[in-house]
Amino acid sequence: LSGAWFMAAMEHSPIGTALVGLDGRWLWTNQALQDTLGYGREELERLSFQDITYPDDLDKDLEQVERLIAGDGPAYQMEKRYYRKDGSIVWCLLSVSIVRDDRGIAECFISIVDDISARRAVEQDHAALTERLMLATQAGGIGVWEWDIATGAMICDAKMFELYGLEMLDEPDYGSLMAAVDAGHRARIEAMLLGTVAGICVFDTEFPVNLPTGDVRQMRALATVDCNAAGEPVRMIGTNWDITEHCRLMLLADESVRSKSEFLATISHELRTPLNSIIGFSRLVLDSAPPPGEAALPATAKPHIELVRDASATLLTIVDDVLDFSRIEAGGFELSPAPFEIRPMVENAVEIVRAGAQDKRLAMTLAVADDVPTAVIGDQSRLRQILLNLMSNAIKFTASGQVSVDVRMQNGLV
């Protein structure tokens, strides 16, 4: 009864099970093993395990079999490959124990064959991903580290040793790496690390590192925290990379922007003087009454002088805008909102570009809605420049027809 129960249990086991002769022949197999290998029971009984073992795994398996028969241990276990009936390869975890009679003479083997193909596939994918990540970090000059929060022990890859100027024989810990951080930044970095462990901030920062050679290296660091099943932080995994050259280039770029801003400020000053003179004399001509006995300014000349004055004012605004652009690059640009009358400003801008429209035989129209207020609040010079640019581009890229300017209210704004 016990023998029949044992055989029934093996037959219905979800894991492949077999009785194997000392010569390697399959004496009996259960359904799970037949499904794994793709053979029927009778087909397997005409084969030995040697017949369907992947060649590279056979010698190791046979060595274990000989050791087992010789009495060197009660069992063995190994991962090996079998050929399935269709020619495909299946990875299995093989566990083998030996059956002996009352006199201790070996009779057969009991083999447990567990299909681990899915696990091996995951491991291979993980290994491939790890290799790709290693290549990526090496190509990017990125060092990887792991910090045991409880013990302070650290595991660093070769690049981390290189970044900190340490010998590979050194055993870095939290203290030794933190000691390399510049003293002026150490408290900030330690506070950020503790805050990241506590879950109140993200470790993403830059700091200088003092190398044993006396050189200073600018470092960028990112890190994340791993927690155990109870949600307690147990380790931190992070990356460091050298941004010294990047910081140097950014400093050069800032110096270049400052130099350009100074140059533009000088040029703007030199241009303002003659432009202000033109604007001033134009106003003087327009506003002054002729001396007694002299003819008044011809009526046809007045609009032209007004255009000279307004165009000069526009050019002065453009000069200021060039300077504003340099301020934008330097992060110092500010708008100057103030009340102004919008209709005269728009009408003046339209008149400035109207001559360009007439040269291309384009009609230039302006329509101001009745509900547009007389006065608005905004940066008049910036709005004027935007309007002039838009109209100039419209004239430039319109082949025929007209260019229209409509001023109306929308959602409470002009």
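A residue counts as buried when its relative accessible area is under 20%, as exposed when that area is over 50%, and as partly exposed in between. By this cut-off Trp147 is buried, because its relative accessible area is 6%. The model described here is predicted.

The overall dimensions come first. The protein has 414 residues, and a compact globule of that length would have a radius of gyration near 22 Å. The protein instead has 43 Å. Along the principal axes, its C-alpha atoms fill a box of roughly 150 × 60 × 40 Å. The secondary structure consists of 13 helices and 14 strands. Of the 414 residues, 32% are buried. Among contacts with a separation of 6 or more, 51% join residues 24 or more positions apart.

The surface and the charges were also computed. The accessible surface comes to about 25,100 Å². Carbon and sulfur atoms account for 57% of that surface. There are 36 positive and 62 negative side chains. The centres of these two sets lie 7 Å apart.

Aromatic pairing was examined next. The structure holds three aromatic pairs. One of them joins Tyr54 and Tyr83, with ring centres 5.7 Å apart. The planes of Tyr54 and Tyr83 stand at 45°, and the pair is tilted. Tyr54 lies in the loop between helix H4 (49-52) and helix H5 (55-69), whereas Tyr83 belongs to strand E3 (residues 75-83), so the pair ties together parts that are 29 residues apart in sequence. Tyr83 is partly exposed, because its relative accessible area of 29% falls between the 20% and 50% limits.

Trp147 and Tyr174 form another pair, with ring centres 4.8 Å apart. Their planes meet at 20°, so this pair is stacked. Planes under 30 degrees apart are needed for that label. Trp147 sits in strand E6 (residues 142-148) and Tyr174 in helix H8 (residues 174-180). The two residues are 27 positions apart, and the pair links distant parts of the chain.

Two residues other than glycine have a positive phi. Arg361 has a phi of about 60°. Arg361 is placed in the loop between helix H12 (342-359) and strand E12 (363-368). At 78% relative accessibility, Arg361 lies over the 50% limit and therefore counts as exposed. For Asn411, phi is near 55°. Asn411 is found in the segment after strand E14 (402-407). Its relative accessibility is 76%, so Asn411 is likewise exposed.

Separation in sequence and separation in space were then set side by side. Ala70 is found in the loop between H5 and E3. Ala70 is exposed, with a relative accessible area of 66%. From Ala70 to Ala106 the sequence separation is 36 residues, and the C-alpha to C-alpha distance is 9.0 Å.

Thr224 belongs to strand E9 (residues 216-227). Leaving aside residues up to four places away in sequence, Thr224 touches Arg235, Met236 and Ile237. Arg309 is 85 residues from Thr224 along the chain. The C-alpha atoms of Thr224 and Arg309 are separated by 64 Å.

Met250 lies in helix H10, which spans residues 244-287. Its relative accessible area is 40%, so Met250 is partly exposed. Met250 and Ile69 are 181 residues apart in sequence. In space, 73 Å separates Met250 from Ile69, C-alpha to C-alpha.

Methods:
Residues are numbered from 1 along each chain as its sequence is written. This is a predicted model: local features need pLDDT of at least 70, side-chain atom pairs count only at pLDDT 80 or more; totals for chains, interfaces and linings use all residues. Side-chain values use heavy atoms; hydrogens and water are left out. Helices (H or I, at least four residues) and strands (E, at least two) are DSSP runs, numbered from the N terminus. The radius of gyration is taken over C-alpha atoms; the globule rule is 2.2 Å times the number of residues to the power 0.38. Buried means under 20% relative accessible area, exposed over 50%, partly exposed in between (1.4 Å probe, protein chains only). Contact means heavy atoms within 4.5 Å. Accessible areas come from the Shrake-Rupley method with a 1.4 Å probe; for residues, only the protein chains shown count as cover. Lys and Arg count as positive and Asp and Glu as negative; His and the chain ends are not counted. The place of a charge is taken as NZ of Lys, CZ of Arg, CG of Asp or CD of Glu. Rings of Phe, Tyr and Trp (its six-membered ring) pair if their centres lie within 6.5 Å; planes under 30 degrees apart count as stacked, over 60 as edge-to-face and the rest as tilted.
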